[in-house]
Amino acid sequence: MTEAHDREGGIESFTLRLRRYDPESGEAPYWDEHTVELEAHRSVLEAILQARDRFDGSIGIRCSCRQAICGSCGVRVNGEPALACHTHLDAARGGSGADGVIEIEPMGNMPVIKDLIVDMDEVHWKKIQRVTPWLLAKQPVPEREYLVPRESMVDVTQTMACIQCGACVSDCLAMEVDPGFIGPAALAKAYRFVGDPRDDQQYERLNDLAQDPQGIFDCTHCFKCVEACPKDVNPMGQIMRLRRVAIADHHIRDHNNGERHEAAFATLIKDNGLLWEAELLPRSYGGNSFFGKFAPSAAKELLSSLPSIFKALARGKVTLAGALKPHKIPSEDLKAVQGIYDKVEGRERRYELNLYISGSDEDNAPVVPEQAAVGATPSTVAPPRPDPGPPSAAEEESVTHQGGAGADASADDPEAGSEGSNSQ
Amino acid sequence: MKVAYWPGCVSRGFTPELHGSMAKVAPLLDIELVELDRACCTGAGVIAEHNQELADTLNARTFALAQQVPGAEMMMNICSTCQGAQSECQERLDASAEYREHVNSTLAGEGLSYEKGLTNKNFLWLLVEEIGLENLRERVRRPLTNLKVGPFYGCYIVRPRKRLQIDSERPRDNYLHEVIETLGGTVIDYAGMRKCCGFPIITMNKDASLKQAGRHLGDAIDADADCLVTPCPLCHLNLDLQQPLAAGVVGRELGMPVLHLPQLVGLALGLEPRELGMSKHVVRPTSVIDWSASVVGAAA
């Protein structure tokens, strides 16, 4: 493991520790080390390919475009999911352990076909297919193009940026304990169509994903997919938007306590200013009212939680009085909080600021310093943008006509993404 | 130093030992806590899921209240989930002057207004970045010698890195390690230390939720930890309060004590386990109590 600097910007040595495994061999997985020589700005993928070319032609790695577009070369670098072609060697070495060796493993949550190649068909593409990843067009399909408001298509561009690399699937912590969870990539793809004003099945899609015990309410909100995504798709954020649209716009009541939990939470904060945990749980199971805890579903749940409840009471962690009475903020402040609820929830449309789309003031500031006046021009400031609503005639303009299936065919076609030079 | 202190809801509800131990530890570190008792819940991500502008406005109100505390250097919280939920709202509020103005117009009735750029740090961050590890080391009265502590960070305080300003300059996702070492303890690494405790889906998918908690606890046992420490009371609920149920789900005995961060710090600063509310835990921190009774050098 030599990391000798030849000269600045010149060829350097990088040692890779590759996870090797061939299920057909019957042998256990093992680690294999190779030292390659490349410039520091070269990619981890180039390093793997050099190791394969120079030392061991049997190293299995899938790749194609080498420019972070095809999504074929997802691996784990030093324990974190990444595109091998999109990770510089110097950065990878910076994130390595004390020995400076770059550790490369196959992605997680998917079976290994060989070495760094995982079976995307078995997990990722099955889940993508689960969410009906094509446009179910409103009828009748117009002769020329659909007319929709510009911002309603801008709204889904974040999910359209997905290149189906599987990095988010690899590290999804909900999927780790519940492999049936539909997962971040597929649910982000679901929002791509739920948010598309040309789609005719918004309610059906949402109801399906809300009622599925492994659907939108099975996400554990761990931000792993947000961190994993090389394209800033923010899958978890898309899942939260699916929940928001399902509950607020379609009033979908799911069988998984998702809607009840959210409603109970929001109500208890409005009523008390602070969370009342002893009331939140029974309401999440039994319904969002004082009587929720008397519902059979809540009683069943309370019964199963009795061991914890008794212990908490016995230890003085929870007092009976504390459980029966909420803690509240002072009444003047509570009134102010309730005023905020009334005003914001009373708006005709929800405001939703998506920084991926709007950028920050800094992002939008004029490039030439002289022109950066104190008050930025309106065109440089991203306005708060409401959720996509029904198109108003004045806002309508054309988008490319897609007719039936495959609104963004290249990204949505499982075959397109799964191809690549499989060099095992 | 004086801070506008946001204790959160759970530290005053189901984990009273957290709020209590923080109050005991603060004077030993010369931290003056001015409690934000007029502020409301951060929403823990659930209000933001319900209505993003509502969450942003409620948290902007808290930030504005914090900015009104005379002499406070910054805002401090003791809950990873609060940190994450607040950081998310603050990111949007700080990004756009126009959006901030829009949100502030809702607060105007109360005479409140949030000004861009509040500093809001979890106790863990404040400990490392403001108090300083050297300073902390000098205050240790009962070094955690031979105590094997597994860090449990909680998701909201380690991801997403950009929003939480985690980088090589500020390796905030390694601070628990640094604090445990500074207090004289032995850090135990295990698979689940930066994973999810499962709490957010406890009402939606209890089995998966408890499986997450149970696995991490089991991993920590296998790695030979005496206890875990967490800066998040919601993680504590799943790891401690629900531990007996989690043991059933993963089908093994657990019995792993889980401390709140101020409890671990307090122990090293010479406070007694009982003063720090350790008797309130569902899983008795017997290993920690036995250890503290066995070591010499505790504060007289």
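Predicted model: local features only at pLDDT ≥ 70, side-chain atom pairs only at ≥ 80, totals over all residues.
**Exercise 1. The largest cavity**

How do the residues of the lining of the largest cavity divide into nonpolar, polar and charged?

*Solution.* 

Step 1. Begin with the cavities as a group. The structure holds 6 cavities of 30 Å³ or more, and the largest cavity contains about 100 Å³ of space.

Step 2. Identify the lining. It consists of 14 residues, and those nearest the centre of the cavity are Cys162(A), Gln164(A), Cys165(A), Cys168(A) and Cys229(A).

Step 3. Sort the lining by class. The division is 10 nonpolar, 3 polar and 1 charged.

Step 4. Follow Gln164(A). This residue is found in the loop between helix H5 (157-160) and helix H6 (167-170) of chain A. Its relative accessible area is 3%, so Gln164(A) is buried. The side chain of Gln164(A) makes a polar contact of 2.9 Å with the side chain of His124(A).

**Exercise 2. The second largest cavity**

Describe the second largest cavity by its volume, its lining and the helices that supply that lining.

*Solution.* 

Step 1. The volume of the second largest cavity is about 80 Å³.

Step 2. Its lining has 15 residues, with Cys172(A), Phe181(A), Cys219(A), Cys222(A) and Cys225(A) nearest the centre.

Step 3. Three elements of chain A are to be named here: helix H7 (173-177), helix H10 (224-228) and helix H11 (235-249) each supply at least two residues of this lining.

Step 4. By class, the lining comprises 11 nonpolar, 3 polar and 1 charged residues.

**Exercise 3. Parallel strands in chain B**

Which strands of chain B pair with strand S5, and which strand pairs with S7(B) over 3 bridges in the parallel sense?

*Solution.* 

Step 1. Take strand S5 (residues 148-151) of chain B and strand S6 (residues 186-187) of chain B. They run parallel and are joined by 2 bridges. Within this pairing, Lys148(B) has Thr186(B) as its bridge partner.

Step 2. Together with helix H8 (residues 175-182) of chain B, S5(B) and S6(B) form a right-handed β-α-β unit.

Step 3. Turn to the other partner of S5(B). Strand S7 (residues 227-230) of chain B pairs with S5(B) in the parallel sense over 3 bridges. Opposite Val229(B) of S7(B) stands Pro151(B).

Step 4. Continue from S7(B). This strand pairs in the parallel sense, over 3 bridges, with strand S8 (residues 258-260) of chain B, and Thr230(B) stands opposite His260(B) there.

**Exercise 4. Side chains of S7(B) and the setting of Pro151(B)**

Which residues of S7(B) point one way and which the other way? Is Pro151(B) buried or exposed?

*Solution.* 

Step 1. Apply the pattern. Cys227(B) and Val229(B) point one way from S7(B), whereas Leu228(B) and Thr230(B) point the other way, and all are buried.

Step 2. Pro151(B) belongs to strand S5 of chain B. Because its relative accessibility is 0%, Pro151(B) counts as buried.

Step 3. Compare sequence with space. Pro151(B) and Ala225(B) are separated by 74 residues in sequence, while their C-alpha atoms are 9.6 Å apart.

**Exercise 5. Backbone exceptions**

*Solution.* 

Step 1. Examine the peptide bonds. Gln139(A) and Pro140(A) are joined by a cis bond with omega about -10°. Pro140(A) is in the loop between helix H3 (121-130) and strand S9 (147-149) of chain A. In chain B, the bond from Arg159(B) to Pro160(B) is cis, with omega near -10°, and Pro160(B) sits in the loop between S5 and H8.

Step 2. Examine phi. Asp115(A) has a positive phi, near 50°, and occupies the loop between strand S7 (112-114) and strand S8 (117-118) of chain A. His251(A) has a positive phi near 50° and lies in the loop between H11 and helix H12 (258-272) of chain A.

Step 3. Decide on exposure. The relative accessibility of Asp115(A) is 2%, so this residue counts as buried. His251(A) counts as exposed because its relative accessibility is 60%, and the cut-off for exposed is over 50%.

Key. Residues numbered from 1 in each chain as written. Chains lettered and ligands numbered in written order. Heavy atoms only, no water. Helix = DSSP H or I, 4+ residues; strand = E, 2+ residues; numbered from the N terminus. Buried < 20%, exposed > 50% of the residue type's maximum accessible area, 1.4 Å probe, protein only. Polar contact = N/O pair within 3.5 Å; in protein donor to acceptor, adjacent residues only side chain to side chain. Pairing = 2+ DSSP bridges. Right-handed = clockwise from strand over helix to strand, strands pointing away. 1 Å grid on protein atoms, 1.4 Å probe; cavity = no way out; pocket = protein on both sides within 12 Å on 5 of 7 lines; lining within 4 Å. Points joined across faces, edges and corners; volume = space filled by probe spheres on them. Nonpolar A, V, L, I, M, F, W, Y, C, P; charged D, E, K, R; others polar.
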